[in-house]
Amino acid sequence: MSAIIRRLGPADCSDYRAIRLDALATAPEAFGSTHAAESARPLAAFAERLSQAAVFGAYVGDQIVGMAGYRRQDGLKDRHKGQVWGVYVEPGWRGHGIAGALMQAVIEAARGEVEQLLLAVVQGNDGALALYRRLGFEVYGVEPRALKAGNTYLDEALMVLFLER
């Protein structure tokens, strides 16, 4: 069975909350937020996030199994950039091309709106790094100690995809 990729809207906030919390519980090292912080947010906060960013969900049947989002920067001098965030596919659905399909949806949504997409990926997440490279993203730097969980620091590779040259 293949996944259907579609943009999520505020009415999809329950599905978005479910996949977001699953992501934070399953891969806490990959995200800047925590399960505890996000689970304390009201459902309206998830609806608001969906109204302020382009977030795509991957569905198998009526079950959401993945997500990816991007948001355009809003400063006068950085409106040409978009930030990719929240890319996640449930472990049982990995290896089926879902992350690539989600990222293609993000890239297509960003074309014409921004000139470049930025993302950060935790060093050691080789699968994600390989996917982003296949899609044309290039590493332009590494942020040491980008995330801290307890006494553990995680570096992030900073990547860019130029949509317009």
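Hi everyone. Let me start with one term: two strands pair if DSSP finds at least two bridges between them. Keep that in mind as we look at this structure, which is a predicted model.

Let's begin with the sheet. How many strands does the open sheet have, and in what order do they come? There are seven strands, and reading across the sheet gives β1-β2-β3-β4-β5-β7-β6. The pairing is mixed. At the edges you find β1, residues 4-7, and β6, residues 138-149, each of which pairs on one side only. From one strand to the next, the twist averages 25°.

Now for the helices that pack on this sheet. Helix α1, residues 13-26, touches β2 (54-60), β3 (63-72) and β4 (81-89). The direction of α1 makes about 90° with that of β3. Helix α4, residues 98-110, also packs on the sheet, and its list of contacts is β1, β2, β3, β4, β5 and β7. For α4, the angle with the direction of β3 is about 30°.

Let's go to β7 and look at its partners. On one side there is β5: residues 116-122 of β5 and residues 152-162 of β7 pair in the antiparallel sense, over seven bridges. If you want to find this pairing on the screen, look for Leu119, whose bridge partner in β7 is Met159.

Among the partners, Lys148 goes with Tyr153 of β7, and Glu138 goes with Val160 of β7. What do β6 and β7 form together? They form a hairpin, with two residues between the strands. In the turn sits Gly150, with a positive phi of about 65°.

While we are on strands, here is a handy thing to remember: in a regular strand the side chains alternate between the two faces of the sheet.

The largest pocket has a volume of about 920 Å³. Its lining holds 38 residues, and those nearest the centre are Ala30, Val87, Asn125, Ala128 and Tyr132. Two or more lining residues come from each of α1, β4, α4, β5 and α5 (126-134). Which element gives the most to this lining? That is β4, with seven residues. By class, the lining of the largest pocket has 20 nonpolar, 12 polar and six charged residues.

The second largest pocket has a volume of about 160 Å³. Residues lining this second pocket include Arg49, Arg71, Arg72, Asp74 and Trp85. At least two lining residues come from each of α3 (43-52), β3 and β4, and α3 has the largest share, with three residues. By class, the second pocket's lining divides into three nonpolar, three polar and four charged residues.

Key
Residues numbered from 1 in each chain as written. Predicted model: local features only at pLDDT ≥ 70, side-chain atom pairs only at ≥ 80, totals over all residues. Heavy atoms only, no water. Helix = DSSP H or I, 4+ residues; strand = E, 2+ residues; numbered from the N terminus. Axes fitted to C-alpha atoms, helices over the stretch in contact; angles between N-to-C directions. Contact = heavy atoms within 4.5 Å. 1 Å grid on protein atoms, 1.4 Å probe; cavity = no way out; pocket = protein on both sides within 12 Å on 5 of 7 lines; lining within 4 Å. Points joined across faces, edges and corners; volume = space filled by probe spheres on them. Nonpolar A, V, L, I, M, F, W, Y, C, P; charged D, E, K, R; others polar.
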